[in-house]
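Work through the exercises below with the model open. Try each task before reading its solution.

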Amino acid sequence: MSADGENVVSSTVGVRPRCFMDICIAGLDTGRIVFELFSDRCPRTVENFRSLCTGEKGIGSLGKPMQYEGTIFHRVIKDFVVQGGDFTEGDGSGGESIYGGTFEDEDLTGKHDRKYLVSMANRGRNTNGSQFFILTGPAPHLDGIHTIFGHVVSGHEVIEKINNLPVDNIFRPLQDIKVTKSGELILRPKKKKEKKVSSSSSESSDSEKETVSKKKKKERRKSARSDPEEDSAFRDEAGVPHPLVTTFNIKKDEIPSVPSNRFLSRLVGRNPEVKTNMESKATNIRGRTKSGRTVKGRGNLRYRTPSRSRSRSVTPPHWRQEQSKKISYKKFEEIEKIKKQREDEIRRREEERRKRHAEKDKRPPLQTQNQVPEKKSFDDEKEEGELREDDEKKDSQRSRNKSERKLSGDKKSYRARRSRSPKRKRSPNRKKPSPPRRRKRSSSSSSSSSSSSSDSSVDRRRKRK
């Protein structure tokens, strides 16, 4: 079967046969794959593939038509293989050869070392059927197991599209890759061109004939343009025009001139006295504002000067406040000058402060540790001793007064507690609690009191002096 669908017998000898498959992915035509088959290496395998492409064997033993047309590519492993050819089951479990069932392997010496090689799929040794695969990457582990019987000549981009399609977990493509048409391409020999005898006389005669034929063609064209009535299609054999054809005699002077395009010059040739609708409408002006704006239409007249801004919206109050903050350039210069003066004043003061601190650091330190204390007189020492004694006496008197107050407070609190608490029955063996003892005043305290009185008199005398 040829590419045109005709049964053509190949008369060429020593030429490898070629087959084709038109591929459709998800209902869209994708392109054509053309295979060249190695008939010189494995003729039986090539004949099986070729006859399945053409479908010339009819229906097989399994009751299905033995052809690749209408089958799908059921297995796609990226960068490895694209497998198809199962025309019985469509899932890789079926298929049948033209020899009945399976047939033997042929020429297992081929190497699976490059892309686009076509090889037979099998289930072991000598189990070739109708399934085949196209390599999309080198697979040296298949050498000596599968028979290579051809390679892809054209349609590599179609195979790459199939190779990149998404698949499920068993490498079945999610979109149907269908073979819409398959067959064999027949090589037809070209016709041999007759050799022309080169001579001066023949060349001159040919050139004259060509010029004559060109002139005749030109004359025919002119006659067809100038005299359309003389055309044989519109006249009978007697020269009478056809009854359905109407003819007119039109003179050139009667044909009006083509009107000029007045799109850009509408007002040219218009009567200036006649007013248009637009001009009449323009005269209906009710008044004008101070700024010169015309007032039209109905309603109350409002004379309002339009704002200079493009938008007709009222300026917000916070914008006006910001506008009032604008200052002139002169004022800005004055403010900058005052700022500069302040900065200079601050720098000057800082420099003065640094100088003062530097001068203080340069002064000699005060004599504190090495300074020799002045010698005190005997009277001064005596006065200091008396003052120290007076202070000691006062402190001792204060401590005594505090202790006495505490004792008196303890007695009162003890009595108050006794009066509040209920009387308890005393046990016969229990002794009575002894009352708190009073502290006896020592002789030192009496002497200290007398000394304190004498000290106070000494102080008074000193004050008087």
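Helices (DSSP H or I, at least four residues) and strands (E, at least two) are DSSP runs, numbered from the N terminus. This is a predicted model, where local features need pLDDT of at least 70, side-chain atom pairs count only at pLDDT 80 or more, and totals for chains, interfaces and linings use all residues. Residues are numbered from 1 along each chain as its sequence is written, and side-chain values use heavy atoms, with hydrogens and water left out.

**Exercise 1. The overall picture**

Task: state how many helices and strands the protein has, and what share of its residues is buried.

Solution. 
- Step 1. The protein has eight helices and ten strands.
- Step 2. Apply the burial classes: buried is under 20% relative accessible area, exposed is over 50%, and partly exposed is in between (1.4 Å probe, protein chains only). By this rule, 22% of the 465 residues are buried.
- Step 3. Turn to contacts (heavy atoms within 4.5 Å). Take those between residues at least 6 apart in sequence: 61% of them join residues at least 24 apart.
- Step 4. Accessible areas come from the Shrake-Rupley method with a 1.4 Å probe; for residues, only the protein chains shown count as cover. The total for the protein is about 38,700 Å², and carbon and sulfur atoms hold 50% of it.

**Exercise 2. A pair within one helix**

Task: find what separates arginine 50 and glutamate 47 in helix α1, and classify both by accessibility.

Solution. 
- Step 1. A salt bridge needs a side-chain nitrogen of Lys or Arg within 4 Å of a carboxyl oxygen of Asp or Glu. The structure holds 18 of them.
- Step 2. Arginine 50 and glutamate 47 qualify, with their closest N and O atoms 2.8 Å apart.
- Step 3. The two sit three residues apart in helix α1, so about one helical turn separates them.
- Step 4. Arginine 50 is buried at 14% relative accessibility. Glutamate 47 is partly exposed at 30%.

**Exercise 3. A network of bridges**

Task: which residues do salt bridges with shared partners join into one network?

Solution. 
- Step 1. The network consists of Arg16, Arg18, Glu36 and Asp40.
- Step 2. Arginine 16 bridges to aspartate 40 at 3.2 Å, N to O. Arginine 16 lies in the segment before β1 (18-25) and aspartate 40 in the loop between β2 (28-37) and α1 (43-54), so the pair ties together parts 24 residues apart in sequence.
- Step 3. Arginine 16 is partly exposed at 28%, whereas aspartate 40 is exposed at 54%.
- Step 4. Arginine 18 bridges to glutamate 36, with the closest N and O atoms 3.3 Å apart.
- Step 5. Arginine 18 is partly exposed at 32%. Glutamate 36 is buried at 15%.

**Exercise 4. A loop residue**

Task: where does aspartate 143 lie, and which residues beyond its neighbours within four places in sequence does aspartate 143 contact?

Solution. 
- Step 1. Aspartate 143 is in the loop between β6 (132-135) and β7 (148-154).
- Step 2. Its relative accessible area is 25%, so aspartate 143 is partly exposed.
- Step 3. Leaving those neighbours aside, aspartate 143 touches Gly110, Lys111 and His112.
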